[in-house]
Amino acid sequence: MRKYLISTLLVILSETAVSQTWTYSDCVEYAREHNINLQKSRLNELTAEYDIEEAKAQWQPTLDFATSHGFSNYPWADRSGNSYNSSYGFNAGWTVWDGGVRDNTIKQSKLRAEIDRLNTGDMLRSLETDLLQVYINILYAKESIKIYEEAVKVSKAQVDRASQLVEVSKISRVDYAQLKSQYEQDRYSLVNAMGTYDTRLMELKQLLELGIDNDLALVDVHWDNDLILAQLPPMSETYELAVATDLKIRGLEIEKSSSELDVKVAKAGHLPRISLNAGIGTGYNAPGLSFGQSIKRGLNESIGLTLSVPILDNKKTKAAVARAQVAYMDAQLDIDQRHNELARVVENWYIDTRSAQSRYSAAEAQFESAKLSDDLTNERFNLGYVDPVELMISHNSYVEAQHSLLQAKYIAILGQKMIEFYREATVSVP
């Protein structure tokens, strides 16, 4: 009995797992935790924090212990020709002034950490848009399958009816063969649509880092005509919001600030450096005094201040400053380029969306006309009054009208959602 209950529970759990459906929000949340590239980016953030700690530690003094040991042999000496010597010492050093390099390095490390955080955020946002496009493509492919399934069903009914008409000599076998060919063509299109659907699902599973054995099904989403044909907000306003919320621009501005610090660090090569050194040490030599006496008498302490003034360095500092200044100008160009890229992307989405909305309105009227024509043609065919060629033309026109309407619908939806994303840095899918 216990084994039966366990097996029943496993069946129920497996059926539940298979029947689980995913919303767009589910996909985003899952990808947020499991996408490998996103996890690698978070590791870069962690490395940046260690860089900050290392930069701050440059203000601390250095301390090391050093010992050396040597053995010498004098084979022609009058007395013992062997000697041993050793030294032991602690050495400390601290840079009093380095031209501001340490301070600027700490600031740069903090900026780099912020850039890494922004890169992770931008990667997540890119992942959201990739998921959105694949998600909507899957919904489109799914509805395409329904269109071809209906087309196959209609074609099969027409072939069955044509077979009856052949028996009563209402149509020729050539006409029957044409209708049979149309039926096979619809079946082929259905298989292609299923293949496209599977490919889109595979793309989504790759973005989610799901294993090959995981089944994936999406929640059915209904889109109202009011949403499809909704008026778009002003383009200039969307562009301004896109610039204000764009993480890449913020990252590039921080890169520019970091390049400015690079210039200051490079210029520090012209400035003097002051360092403080201190040490304590002793040594032992043999033959001679005992080890303890030698260590005691050899004990010494030292302290010193070093001033280093650069005079000639083979133009290394000059070249470093020039390179840093070029990097600063390049960072500004990157910012300008990103502004232009955003303007181009936003405008393209507006053009595509408005065009899709116009085509959707026209496709609606075309669809209604093609449907009515196809219904009437089918009725006449069933009565034996329509040429099969005319029937095939009507059938294909109806299927094509369905696809045109479906394609315009999903392009318009995708465009509106992308515009929403650029305005609000997030997107919601029912």
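**Close-up views of a predicted model**

**View 1. Helix 8 packs against helix 10 at an angle of about 170 degrees.** In this predicted model, helix 8 covers residues 247-267 and helix 10 covers residues 316-382, and their axes lie 8 Å apart. Because angles over 145 degrees count as roughly antiparallel, helix 8 is described as roughly antiparallel to helix 10. Twelve nonpolar, five polar and nine charged residues make up the contact of helix 8 with helix 10.

**View 2. Eight side chains are shown here: Trp 59, Trp 94, Val 96, Trp 97, Leu 271, Leu 276, Ile 303 and Leu 305 form a nonpolar patch on the surface.** Together these residues have about 760 Å² of accessible area. Strand 2 (82-97) and strand 4 (300-308) each supply at least two residues of the patch. The largest share, three residues, comes from strand 2.

**View 3. Trp 59, one of the patch residues, sits in the loop between helix 3 (36-56) and strand 1 (62-73).** Its relative accessibility is 34%, so Trp 59 counts as partly exposed.

**View 4. Glu 209 has a positive phi of about 60 degrees, although it is not a glycine.** Most residues other than glycine have a negative phi. Glu 209 is placed in the loop between helix 5 (173-208) and helix 6 (225-228). With a relative accessible area of 32%, Glu 209 is partly exposed.

**View 5. Lys 315 is another residue other than glycine with a positive phi, here near 65 degrees.** Lys 315 lies in the loop between strand 4 and helix 10. Lys 315 counts as exposed because its relative accessibility is 58%, and the cut-off for exposed is over 50%.

Notes. Residues are numbered from 1 along each chain as its sequence is written. This is a predicted model: local features need pLDDT of at least 70, side-chain atom pairs count only at pLDDT 80 or more; totals for chains, interfaces and linings use all residues. Side-chain values use heavy atoms; hydrogens and water are left out. Patches are made of residues with over 30% relative accessible area and no salt bridge: like charges are joined within 9 Å, nonpolar side chains (Val, Leu, Ile, Met, Phe, Trp, Tyr) within 5 Å. Accessible areas come from the Shrake-Rupley method with a 1.4 Å probe; for residues, only the protein chains shown count as cover. A salt bridge is a side-chain nitrogen of Lys or Arg within 4 Å of a carboxyl oxygen of Asp or Glu. Helices (H or I, at least four residues) and strands (E, at least two) are DSSP runs, numbered from the N terminus. Buried means under 20% relative accessible area, exposed over 50%, partly exposed in between (1.4 Å probe, protein chains only). Axes are lines fitted to C-alpha atoms, for helices over the stretch in contact, and angles run from 0 to 180 degrees between N-to-C directions. Angles under 35 degrees count as roughly parallel, over 145 as roughly antiparallel, 65 to 115 as roughly perpendicular and the rest as oblique. Ala, Val, Leu, Ile, Met, Phe, Trp, Tyr, Cys and Pro count as nonpolar, Asp, Glu, Lys and Arg as charged, and the others, Gly among them, as polar.
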